[in-house]
There are 2 protein chains.
Amino acid sequence: MSAKKAVQMSGIIAGETVIATVGKEGKGLTYRGYTIEDLAQYSTFEEVAYLLLIGRLPRSSELAALNADLKSKRGLPAGLKTILENLPASANPMEVLRTGCSALGCLEPEKTIEDQLPAALRLLACLPSMLAYWHHFATTGKRIEVETDDESIATHFLHMLHGVPPGPTIARAMDVSLILYAEHEFNASTFASRITTSTMSDMHSAICTGIGTLRGPLHGGANEKAMELIERFENADDAEAGVMAGLSRKEKFMGFGHPVYTENDPRSDIIKSWSLKISQEAGDTRLWDISERIETVMMREKKMFPNLDFFSASAYHMMGIPTAMFTPIFVLSRVSGWATHVFEQRSSGRIIRPSAEYTGPEKRAYVEIEERSA
Amino acid sequence: MSAKKAVQMSGIIAGETVIATVGKEGKGLTYRGYTIEDLAQYSTFEEVAYLLLIGRLPRSSELAALNADLKSKRGLPAGLKTILENLPASANPMEVLRTGCSALGCLEPEKTIEDQLPAALRLLACLPSMLAYWHHFATTGKRIEVETDDESIATHFLHMLHGVPPGPTIARAMDVSLILYAEHEFNASTFASRITTSTMSDMHSAICTGIGTLRGPLHGGANEKAMELIERFENADDAEAGVMAGLSRKEKFMGFGHPVYTENDPRSDIIKSWSLKISQEAGDTRLWDISERIETVMMREKKMFPNLDFFSASAYHMMGIPTAMFTPIFVLSRVSGWATHVFEQRSSGRIIRPSAEYTGPEKRAYVEIEERSA
């Protein structure tokens, strides 16, 4: 169950970054020097995206300009809508976002380095549109309007998803969730995006790499796996019995432990408190109670702490979000971090090309086809 | 101009592989222990794909079954054709392949680990169809038939591209080129694909990562840059003068040197001889003469040898292939290597997550929006 043993290249320094620190003292997360606690308490997600992409917190006028720009970039070109309409309801929404991002690269390519910030903002603004547009068309055949007047990315997305604007608690909970998921140093999807970038490839290729890498259950897919876990149980006692039984079978539970944090994931307590707040407002804390008991059991039995994905599951569920959209929401946020790493990797101008240890057959003579054995 | 200095993670062992060795003694390339020289001389590309994906050379009946299977997998679903028809003629063909691969993942997803080989073969068989279908539709509006009776991937592709089957020399030259491009250990695109795979993501995500990473001019895009170079010149003397002038301006020429090979790229002489053969049959060795002179000058002046990309440029051009398709052809081949690395990475079950050296700001206090400076 050790999170470390399951990690290849653990502790190997693969490059430099000025963007974020993860678990410097076994815990703690900063974006450009600001703690995640401060950002989650005082900032909006758009402020955090500005901080990441530009390198400093925006002044009021800059934030207003960013919000207006993002609002203007929500629309989808007709060709992209047609493409999304040809992706079936059975498709994994992560694959839909990957395809939509890739198609946008064909329709609105980055042409020069000056396009990199606009391209990043375009994706930040319209990936939620792609997800919601495809979701409604695939499930009901309805072509929704994606250009709304909502003030934030969080409210834009929830409005499109549910057809009505969210209440203030849910809106802010989603906003905070986007802040928490925005950036995390050299995690697998970001590192892979940097490799794509390192060949001097384009923004859309790098973001497609990020989405495809995030998709796996050992990475972004973990929030969906956490939901599957908590949904198994009726109540907290049931959860305790189930997790104890699972542990005795050496079952692995997603949403616990981390390749880098050793003491705790500072994001977990933040989303946990928001999950409670939403659950209390809804008058239904059952999933939160189950989650908290699992947290207690995992710490008591395995000394494992929840990571961001674990309490995100109950939070998203209580916001009325289908489980298959949990990891896609991670994309809507992390695109800000990936794009920032694209900028940073580009400034180094070097290709990332490690070596492998070869453990295969020695050089051997060719065998003619008639003489080959199975 | 040193190839090494331009490489991040140079020499860092990022994992194990049994698939290929690159430049073990500063030169030399083996796939599963067989030298690239033997494979290029005696095998077909399909045999090499079998060798990579299955781990040994096929017997006659196995090769026949593979060829029949690949032939049966050339068709494109209607939804995918519609998607390709919505990608404009101005799109980069690498982005088209990335989008087509991504869409195929939505339409024909891998469901279990048993699907991995069929999914890889499906991509190997139908990526050429996607490229040719989009090319003709985007440029002339014609919807071509992609299910042909051609015996090999090389002839299938050239037949679709040109509307007539290729002659034997060009067919075999393309076949050899696909062998040479098939696999190359932990190059940037393959390593990035392995990271995508390491989160337990799907085959199509991994191949999209590969395509997006290969796209950059520091990687697969180099064969197109090599073409741009040789096209600049009228003849060999002109090329010598031009390259000497470029070197004095410290211009960087793509298609020379390598992050791993130190003595030579063993693939270069093979494609060089095929480029000459095609050029002689066509009665036009001008581009080959220019290329050879540039090779001589680069060795004399900079001790730099050509890599596979350099003579591939003149070879492809003399096969009548548009320059924008050079890197896409690299994809049609390398998908065999990427998929093999997906299989291998999956068998390890570990997530690839390195660390970064943080060189950014120290932890700092939050600043209210009214108090921020630019």
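Me: Which residue of chain A meets Glu185(B) in a salt bridge?
Reply: A salt bridge here is a side-chain nitrogen of Lys or Arg within 4 Å of a carboxyl oxygen of Asp or Glu. The model is predicted, so to speak with care: local features need pLDDT of at least 70, side-chain atom pairs count only at pLDDT 80 or more, and totals for chains, interfaces and linings use all residues. Residues are numbered from 1 along each chain as its sequence is written, chains are lettered from A and ligands numbered from 1 in the order in which they are written, and side-chain values use heavy atoms, with hydrogens and water left out. At 2.6 Å, N to O, the partner of Glu185(B) is Arg353(A).

Me: How many salt bridges does the rule find across the interface of chain A and chain B?
Reply: The pair Glu185(B) and Arg353(A) forms a salt bridge. Across the interface of the two chains, the rule finds eight.

Me: How much area do chain A and chain B bury between them?
Reply: Buried area is the accessible area (1.4 Å probe) that two parts lose on being put together, summed over both. Carbon and sulfur atoms carry 58% of it, and the total is about 9,200 Å².

Me: Which residue is the bridge partner of Ile352(A) in strand 1 of chain B?
Reply: Strands are DSSP runs (E, at least two residues), numbered from the N terminus, and two of them pair if DSSP finds at least two bridges between them. Strand 6 (residues 351–352) of chain A and strand 1 (residues 7–8) of chain B run parallel, joined by two bridges. In that strand of chain B, the partner of Ile352(A) is Gln8(B).

Definitions and conventions:
Helices (H or I, at least four residues) and strands (E, at least two) are DSSP runs, numbered from the N terminus.
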